[in-house]
Amino acid sequence: MATALRLIARSLRKNKIQPLYNSCSFLHSHATSFGFKEVREEEKSQMVGNVFTSVASSYDLMNDVMSGGLHRLWKERLVSKLNPFPGMKHLDVAGGTGDVAFRILESINSVKNRALLDVHDDNLLEETKIYVCDINPNMLNVGKKRAQERGLGDNSSLIWVEGDAEALKFEDDSMDGYTIAFGIRNVTHIEKALAEACRVLKRGGRFLCLELSHVEVPVFKELYDYYSFSVIPAIGELVAGDRESYQYLVESIRRFPSQEKFASMIAEAGFQKVEYENLVGGVVAIHSGVKF
Amino acid sequence: MYRLAAKRLLPAVGRWNPRFRCSSSGVRALAGVINPLRFYTSASSGTIPDQNPDNFDASASSSSTAWSQEERSRADDETQRSRNTTRPRAHWQDEQARVLQASLRHVIRLGWTDAAMIAGARDVGMSPSIVGSFPRKEAALVEFFMDDCLQRLIDIIDTKDDFKNLIPSHRVSKLVKIRLEMQAPYISKWPQALSVQAQPLNIPTSFKQRAMLVDEIWHAADDEAADIDWYVKRTVLGGIYSTAELYMLTDTSPDFQDTWAFLDERIRDAFDLKKTVQEAKYLAEAVGAGIGGSLPGFMKSVFNS
């Protein structure tokens, strides 16, 4: 009885101390934050998994509605920054529904780029491999279906892999490019994901991350906050029938590190030439780094 | 000009363009041993006011890098401590320079394009993805080549001493000839390079590079006469250089002899023009003195009455 009481007291004290620790170790807090709620590390992965399982079917529609179609432009910008080339081995992590992967593949196979190919490079188009990795099988299934609709269903260059960003099953120095679009926010340990990214990239390989980020522009910030907290969960309820998931979404954006902080995390993982580009005044940021 | 001064002061820097904020990310690299000499030069070069023509970003969206000065000074200490670990991590700007250098070999076959840069990256053992990290891709290659030629020209100026024996117009002619000859191997693809340089995004950098080139040539030709404006001299030479460059594109004579003849004539014209302008100025002054203060006198009488 006494030991039980002592254990309870200890856990209560731990919970009180935790907020203090949060202010000193921001990175540790990402692993235990689920939006504005505090959760245990082990639970976060499960909770995020539940969110995506439930939104998978209407994920793309919701993206269109929430961003007013802008997310397509952001992804185009990401792919043009990547500058894909034939024969590329690319890994798109958390790319469940395949948006970025399709764009990369279509860019490599586009008539304009094909016209520039050397006669000796005939095999390169077949050597191109785009891996789409996602931890959630529901998202991957939606992606496979969309690939069929787009006519890329039988394309041997597109490979769907179920995997965890923090523990990738790919070999060291095997990828030319690594992208993660709107996914790194949902990872429990960002540093692990970044370290894995550095591991699988070849020398000269690029890391690109497209993510919702922090707005500092004065008036626009207020408008954006209002839109995020009032409008988006309401749309989530209307369109996807799931207010909670979209509440998590907007909260997790606020909890995510700022552009500068995230850039320093990328540099710490081993990347060089780390830069970021703000789109729409900071609503979205594309961070990039090169592995040398 | 600042870059030339920096190069003369810090021979170890070599071809380095100090984007000093970016470079610190290399300093902070995990398990990295930065070559101590490079590290120190990077720390000190960062404080030299340097015009970095490649750092121009005309895009509307804001982009920046992660490092502030305080973090750099902290990184300094960290790297000193980690000096004894693992393999030396090459500075990324050197790697980029190596890729560009290797790409030049493919330019004759593939032109000033992505394809040449991809081939260059493969030669050096880097993934071709690195091509995407160059700010304006083909323009980076062309600008690298222009910088390289300028550096070679400076080296030639420094080592050869026989310029003093020539009159200024011959000195200028010889220097322009030396510089244009560096482009001779790429002459079949040079129109493409010119078109890349003429693109709106690339104009500021290419203009700056040409300005530096022209300035360097005048400085070496060491024209003592300070009559005409500094700007006029450089503009005139810039015009001569560009026209000679264009003439060279369609010149089929052996060793570009026609181009050199054209160049000599233009330079002679320019120097003659300079004398003509000088004489015209003296004439104008004399006439003005002759008319006397007639206009000021007239104005005075108007205001006094």
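Chain B has 13 helices and one strand, where a helix is a DSSP run of H or I with at least four residues and a strand a run of E with at least two, numbered from the N terminus. Read from the N terminus, its elements follow the order α-α-α-β-α-α-α-α-α-α-α-α-α-α. This is a predicted model, in which local features need pLDDT of at least 70 and side-chain atom pairs pLDDT 80 or more, while totals for chains, interfaces and linings use all residues; side-chain values use heavy atoms, leaving out hydrogens and water. Residues are numbered from 1 along each chain as its sequence is written, with chains lettered from A and ligands numbered from 1 in the order in which they are written.

Let's stay with chain B for a moment. Of its 305 residues, 46% are buried; buried means under 20% relative accessible area, exposed over 50%, and partly exposed in between, with a 1.4 Å probe and protein chains only. Its accessible surface is about 15800 Å², and 59% of that belongs to carbon and sulfur atoms (Shrake-Rupley method, 1.4 Å probe; for residues, only the protein chains shown count as cover). Among contacts (heavy atoms within 4.5 Å) in chain B with a separation of 6 or more, 74% involve residues 24 or more positions apart.

Now turn to chain A, which holds 13 helices and nine strands. Buried residues account for 54% of its 292 residues. Chain A exposes about 13200 Å², with 57% supplied by carbon and sulfur atoms.

After α4(A) comes Gly68(A), with a positive phi near 65 degrees.

On the surface, Leu70(A), Leu73(A), Val217(A), Val219(A), Phe220(A), Leu223(A) and Val280(A) form a nonpolar patch with about 600 Å² of accessible area together. Patches consist of residues with over 30% relative accessible area and no salt bridge, with nonpolar side chains (Val, Leu, Ile, Met, Phe, Trp, Tyr) joined within 5 Å and like charges within 9 Å; a salt bridge is a side-chain nitrogen of Lys or Arg within 4 Å of a carboxyl oxygen of Asp or Glu. Helix α11(A) gives the most to this patch, with three residues. Phe220(A) lies in α11 of chain A and is partly exposed because its relative accessibility is 31%.

Where do the two chains meet in this tour? Gln96(B), in helix α5 (residues 92-110) of chain B, touches Lys273(A), Ser133(B) and Phe134(B), leaving aside residues up to four places away in sequence. Its side chain makes a polar contact of 3.4 Å with that of Ser133(B); such a contact is a pair of N or O atoms within 3.5 Å, and within protein one must be able to donate a hydrogen and the other to accept it, with residues adjacent in sequence counting only if both atoms are side-chain atoms.
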